[in-house]
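Visitor: I have a chain open in the viewer and would like someone to walk me through it. Could we start with the overall picture and then go into side chains?

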Amino acid sequence: MSLDKDLQCREIYTKAVCGKGRKFSQVTNTVTPPHAPTSILGAWIINNQYDAVKSGENVEVVGTYDINIWYSYDRNTKTDVAKETVSYVEVVPLHYLDKKHKPSTAEVSAVATQEPNCVEASISSHGDNVLIRVEREFKVEMFAETKVCVVVCPNGCDEYDDKHVDFGGVEDGDFEDLDPDLFDEELS
């Protein structure tokens with residue numbers, strides 16, 4: 001087996017996750033129905049569409065969704081559905097950022113870990129608008145080329161094919177207490 005002095009290191013470029021971020025937010029949208037509402041009978045959000053765009057050390061999630069409000073008016077004698085498309089920009093900071101990445105190769109992606117949903121709908125104090133409180137959460141990643149250092153076997157991989165490698169005292173049961181829920185679901 002090789003000694004430490006026999007180890008060689010090489011720097012290689014590879015495409016890797018070089019930045020991650022997550023952001024939960026609550027926003028209030030105002031919808032003005034054609035008739036002054038008497039009561040709110042239901043509110044829901046549909047058709048969420050978005051794209052991710054890199055912006056400095058952040059990722060901007062740029063999107064739209066439709067708000068639908070079922071309401072009564074004319075002293076609860078009639079009903080209607082008000083529809084409105086809302087545009088949004090969510091700035092998600094990259095909490096982990098590899099400073100050695102090549103910016104010209106950066107690509108970003110976003111996943112809605114919580115689709116926008118209505119958690120409260122109420123009539124404004126003036127009585128002519130409906131206030132919709134919306135919760136949403138996005139997870140973003142930035143992929144880019146970056147430099148990593150790897151250990152190289154000077155005699156090739158054949159030298160280690162049938163050898164046992166000792167990892168310095170790690171016992172078989174040392175990982176029993178690890179919480180599998182902490183592992184990134186994308187690894188499995």
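Guide: What follows goes from the overall fold to the core, the salt bridges, a few side chains and the surface.

Visitor: Fine. What kind of model is it, first of all?

Guide: This is a predicted model, and every value I quote is computed from it.

Visitor: How many helices and strands does the chain have?

Guide: The chain has zero helices and seven strands, and the order of elements from the N terminus on is β-β-β-β-β-β-β.

Visitor: And how much of the chain is buried?

Guide: Of the 188 residues in the chain, 28% are buried. The chain exposes about 12,500 Å², and carbon and sulfur atoms supply 49% of that area.

Visitor: What share of the contacts joins residues at least 24 apart?

Guide: That share is 77%, taken among contacts between residues at least 6 apart in sequence.

Visitor: OK, the core. Which residues touch the most other members there?

Guide: The largest nonpolar core has 25 residues, and those touching the most other members are Val61, Tyr65, Ile67, Ile69, Ile132 and Val140. Two or more residues come from each of E1, E3, strand E4 (78–93), E6 and E7.

Visitor: Take Ile132, then. What does isoleucine 132 touch?

Guide: Leaving out residues up to four places away in sequence, isoleucine 132 touches Val27, Thr28, Asn29, Val31, Ala43, Ile67, Ile69, Cys118, Glu120 and Ala121. Two of these, Ile67 and Ile69, were also in the list of core residues that touch the most other members.

Visitor: Switching to charges: how many salt bridges does the structure hold?

Guide: There are nine salt bridges in the structure. One of them joins lysine 15 to glutamate 107, with 2.7 Å between the closest N and O atoms. That pair links distant parts of the chain, since lysine 15 belongs to strand E1 (residues 8–31) and glutamate 107 to strand E6, 92 residues apart.

Visitor: Which residue does lysine 102 pair with?

Guide: Lysine 102 meets glutamate 145 in a salt bridge, at 3.6 Å from N to O. Lysine 102 lies in the loop between E5 and E6 while glutamate 145 lies in strand E7, so this pair ties together parts that are 43 residues apart in sequence. Lysine 102 is partly exposed, with 32% relative accessibility, and glutamate 145 is partly exposed with 30%.

Visitor: And arginine 133?

Guide: Arginine 133 forms a salt bridge with glutamate 120, where the closest N and O atoms are 3.2 Å apart. Here arginine 133 is in strand E7 and glutamate 120 in strand E6, 13 residues apart. The relative accessible area is 28% for arginine 133, which is therefore partly exposed, and glutamate 120 is also partly exposed, at 38%.

Visitor: Which residues are linked in a network of salt bridges?

Guide: Lys23, Glu90 and Arg136 are linked in such a network.

Visitor: Is arginine 136 buried or exposed?

Guide: Arginine 136, which is in strand E7 (residues 130–152), counts as buried because its relative accessibility is 4%, under the 20% cut-off. The side chain of arginine 136 also makes a polar contact with the side chain of tyrosine 65, at 3.5 Å. Beyond its neighbours within four places in sequence, arginine 136 is in contact with Lys23, Phe24, Ser25, Val27, Tyr65, Tyr88, Glu90, Gln114 and Pro116.

Visitor: Last topic, the surface. Which residues form the nonpolar patch?

Guide: The patch is formed by Leu41, Trp44, Ile46, Trp70 and Val81, which together have about 420 Å² of accessible area. Strand E2 (residues 37–55) gives the most to the patch, with three residues. Tryptophan 70 is in strand E3 (residues 58–73) and is partly exposed, with a relative accessible area of 38%.

How values were computed:
Residues numbered from 1 in each chain as written. Predicted model: local features only at pLDDT ≥ 70, side-chain atom pairs only at ≥ 80, totals over all residues. Heavy atoms only, no water. Patch = residues over 30% accessible without salt bridge, like charges linked within 9 Å, V, L, I, M, F, W, Y side chains within 5 Å. Areas by Shrake-Rupley, 256 points an atom, 1.4 Å probe, with all protein chains shown as cover. Salt bridge = Lys/Arg side-chain N within 4 Å of Asp/Glu carboxyl O. Helix = DSSP H or I, 4+ residues; strand = E, 2+ residues; numbered from the N terminus. Buried < 20%, exposed > 50% of the residue type's maximum accessible area, 1.4 Å probe, protein only. Polar contact = N/O pair within 3.5 Å; in protein donor to acceptor, adjacent residues only side chain to side chain. Contact = heavy atoms within 4.5 Å. Core = buried A, V, L, I, M, F, W, Y, C linked by side-chain atoms within 4.5 Å.
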